[in-house]
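Me: I am new to this structure and would like to learn how to read its features one at a time. Could you take me through them slowly?

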Amino acid sequence: METISSIAKRLNVTNGRIYQIIKEIPADKQPKKDAKGKYNFTKESVEAIESYYNSLSSPKTDNENDLVKQLRADLEDAKAEIKAKNNQIDKFQQLLDQQQRLNLSTNRQNEKLLDATTNNTPSQDDRPLQNDDTDVLKPTEGNYKGKETKTPKKGLFGWLRR
């Protein structure tokens, strides 16, 4: 005597799925219910359930294989794209480093010219690409002769203070 649970375990599905399959198979092969509402499975009804389930599961496997192949191809494409982007980042980093060195060299040359026009001795070495930890944004000592003049901020309601 077969039960819903035993068929579900054998097919490795849930009991609810067995009920769905029972509704889908032809009426002449469906199991009959007894007076208590339980299904009485015949050999023919069990075979009909198993054959219906097997017919559903084999195309699904082919679709899953196709899906896995597509996902692997997409993954390989993504890896290639990431590699190309990493190469671009490396190129841009090299260009940025070169630009920073050129800016440093230009700033040093400008400081030399400023020193030459004020008749001071040059504050930097003649080699523009020498690696040191000089901050480019700060003027070197002796080059900055100006005075800082700050204007007081009036603010939004400064006209009231007059």
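This is a predicted model: local features need pLDDT of at least 70, side-chain atom pairs count only at pLDDT 80 or more; totals for chains, interfaces and linings use all residues.

Me: Where does L11 lie, and is L11 buried or exposed?

Reply: L11 lies in helix 1, residues 4-11, where helices (H or I, at least four residues) and strands (E, at least two) are DSSP runs numbered from the N terminus. L11 is buried, with a relative accessible area of 11%; buried means under 20%, exposed over 50% and partly exposed in between, with a 1.4 Å probe and protein chains only. L11 and Y53 are 42 residues apart in sequence, and their C-alpha atoms are 8.0 Å apart in space.

Me: How do I read the packing of two helices?

Reply: Two packed helices are described by the angle between their axes and the distance between the axes. Here helix 1 and helix 2 pack at an angle of about 100°, with their axes 9 Å apart; axes are lines fitted to C-alpha atoms, for helices over the stretch in contact, and angles run from 0 to 180 degrees between N-to-C directions. Helix 1 and helix 2 are therefore roughly perpendicular to each other, a label for angles of 65 to 115 degrees, with under 35 roughly parallel, over 145 roughly antiparallel and the rest oblique.

Me: Which residues of helix 1 and helix 2 meet?

Reply: I4, S5, I7, A8 and L11 in helix 1 meet N15, I18, Y19 and I22 in helix 2.

Me: And how do I read a pair of aromatic rings?

Reply: A pair of aromatic rings is described by the distance of the centres and the angle of the planes. Rings of Phe, Tyr and Trp (its six-membered ring) pair if their centres lie within 6.5 Å, and planes under 30 degrees apart count as stacked, over 60 as edge-to-face and the rest as tilted. By this rule there are two aromatic pairs. The ring centres of Y19 and Y39 are 6.0 Å apart and the planes stand at 50°, so this pair is tilted. Y19 belongs to helix 2 (residues 15-24) and Y39 to strand 2 (residues 39-40), 20 residues apart.

How values were computed. Residues are numbered from 1 along each chain as its sequence is written. Side-chain values use heavy atoms; hydrogens and water are left out. Contact means heavy atoms within 4.5 Å.
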